[in-house]
Amino acid sequence: MVSFRVSLTALFISLPLALLAGFALSFWRFPGHWIVVTLNNTLLAIPTVVIGLILVLLLSRSGPFGDLRLLFTQPAMIIGQILICFPLLVAMLHAAYQGVSRHAWETARSLGCSRLYTLWLITLEVRFAVLAAVVMAFGRIVAEVGCAMMVGGNIAGYTRTITTSIALETTKGEYVQGIALGIVLLTLALVLNVIVGVSRGRSIQSVTQ
Amino acid sequence: MSHLLEAWKLEQQFDGKRLWQIEQLTWRQGESIHLVGVNGSGKTTLMKVLSGLIQPTHGKLLLDNRQLKVGTCCYLHQHPYMFDKRVVDNLRLVAIKGVSRQAREERIKEALSWAGLEHKAHQQARTLSGGERQRLAMARAWLLRPAFWLLDEPAANLDTDAVEQLVALIRSLQEQGAGILLSSHQTTALSAICEQRWVLSNGQLLHY
Ligand SMILES: Nc1ncnc2c1ncn2[C@@H]1O[C@H](COP(=O)(O)OP(=O)(O)O)[C@@H](O)[C@H]1O
Ligand SMILES: [Mg+2]
């Protein structure tokens, strides 16, 4: 399915970078730290249609990246979704990593662990928060209409996602079709959140045992 | 071969304020030192500097006339950080270089029994008591066989039994020829097992 392929790709491209960024923000005090955080929070607040608009301007034939012929393709939608989910991931992962003591870093480093392995160990320390961030980000991009419609063009079988077809069916007056697709999205959200809930419940159980 | 840790003209500042200044300092492997100083005198900072965890504002730190490298000087936190894993997995995360998988598991078993934690191997590390945490932290470091051990207030908040077990471990390290530097803000049961005393006071380090 187009929705899943596009959104999962965008998510997997964003995740490693977002992990690094979130980690750097919580474990590394550098000059201009607050500027980066503020900028990220601003990006977070930009409506997705505005991101769509900017991408259309950049990718359209007459735009600076027009030669790439990306407008109304899946890669364009992926770029849009990366721009939408990246700031959200960074913000949530930043918050997650802040729950880990600096001592974790010092301990792993003095036990000979490489920087990258230490990052991985610390990510595992907050695995449920990371999982929640991923689910949240996925939910946000898979449910997004504005940007997907504008840069994807809602081409049947190619760039038509669940949400853009709901929008289309509704304008055609085919409410039943729209509702059915809506239920698909709702079920997806439920399943994902149950997964997060169950795995978190398990971990609490194993600790109290 | 016995290692030697030396420092010259060490100085630590925070926000432009000097915490301490140490003209010269020598620590030979095999020596046990008790570092005393009131809270806030900079013991923790000094130990982190000596283990290479933080860079001093000024000064030079050499191990056998070379740059300090990870694993030789191991700093242990006052409150050891327990990874949210089982005890044995807290040991498995240690990066032991140049050892086969099998030898590694052997060494982990050995460390567990050294620290008296075999029966806790599969317990979640965060459910351990204070004394057990301290011992797990020592077992973790022991896997790397550091020549110098920096123990930050290891006996704080431990009951007498736990302190006794800790003393036994430290004695065993001494027998293995390790250098021990342990800190406390007052004279404790642990000071008796150290032959030297360093006092951190008013930004100066005094040797006894
Ligand atoms: N990263 C830091 N930034 C600013 N001040 C610090 C930092 N680390 C320690 N200090 C200050 O240095 C002083 C000594 O701290 P510390 O080395 O922990 O002393 P001790 O272990 O003897 O109690 C304290 O007043 C503390 O506030
Ligand atoms: Mg201290």
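How many nonpolar, polar and charged residues does the shell around ligand 1 have? By class it has 3 nonpolar, 6 polar and 1 charged residues; here Ala, Val, Leu, Ile, Met, Phe, Trp, Tyr, Cys and Pro count as nonpolar, Asp, Glu, Lys and Arg as charged, and the others, Gly among them, as polar.

Before selecting anything, note that this is a predicted model, in which local features need pLDDT of at least 70 and side-chain atom pairs count only at pLDDT 80 or more, while totals for chains, interfaces and linings use all residues. Residues are numbered from 1 along each chain as its sequence is written, chains are lettered from A and ligands numbered from 1 in the order in which they are written, and side-chain values use heavy atoms, with hydrogens and water left out.

**Stop 1: ligand 1**

Select ligand 1 and the residues around it: B:Phe14, B:Leu19, B:Val38, B:Asn39, B:Gly40, B:Ser41, B:Gly42, B:Lys43, B:Thr44 and B:Thr45. A residue belongs to this shell if one of its heavy atoms lies within 4 Å of the ligand. Helix α1 of chain B (residues 43–50) supplies the largest share, 3 residues; helices (H or I, at least four residues) and strands (E, at least two) are DSSP runs, numbered from the N terminus.

Next, display distances from the ligand's oxygen atoms. One oxygen lies 2.7 Å from a polar backbone atom of B:Gly40, and for B:Ser41 the corresponding backbone distance is 3.4 Å. Taken alone, ligand 1 exposes 560 Å², of which the protein buries 55% (Shrake-Rupley areas, 1.4 Å probe; for residues, only the protein chains shown count as cover).

**Stop 2: the interface of chains A and B**

Now show both chains. Contact, meaning heavy atoms within 4.5 Å, links 23 residues of chain B with 19 residues of chain A. The two chains bury about 1,800 Å² between them, 60% of it on carbon and sulfur atoms; buried area is the accessible area (1.4 Å probe) that two parts lose on being put together, summed over both. On the chain B side, select B:Tyr81, B:Phe83 and B:Asp84, which lose the most area to chain A, together 30% of what that side buries.

B:Asp84 also pairs with A:Arg127 in a salt bridge (3.7 Å, N to O). The rule, a side-chain nitrogen of Lys or Arg within 4 Å of a carboxyl oxygen of Asp or Glu, finds 3 salt bridges across this interface. Elements giving two or more residues to the chain B side are β5 (73–76) and α4 (130–142). That side has 12 nonpolar, 5 polar and 6 charged residues.

**Stop 3: back to helix α1**

Select B:Lys48 and A:Glu106, a salt bridge with its closest N and O atoms 3.0 Å apart. The pair crosses between chains, from helix α1 of chain B to helix α5 (residues 102–110) of chain A.

**Stop 4: chain A**

Colour chain A by secondary structure: there are 10 helices and 0 strands. Its C-alpha trace spans about 60 × 45 × 25 Å along the principal axes.

Conventions: A polar contact is a pair of N or O atoms within 3.5 Å; within protein, one must be able to donate a hydrogen and the other to accept it, and residues adjacent in sequence count only if both atoms are side-chain atoms.
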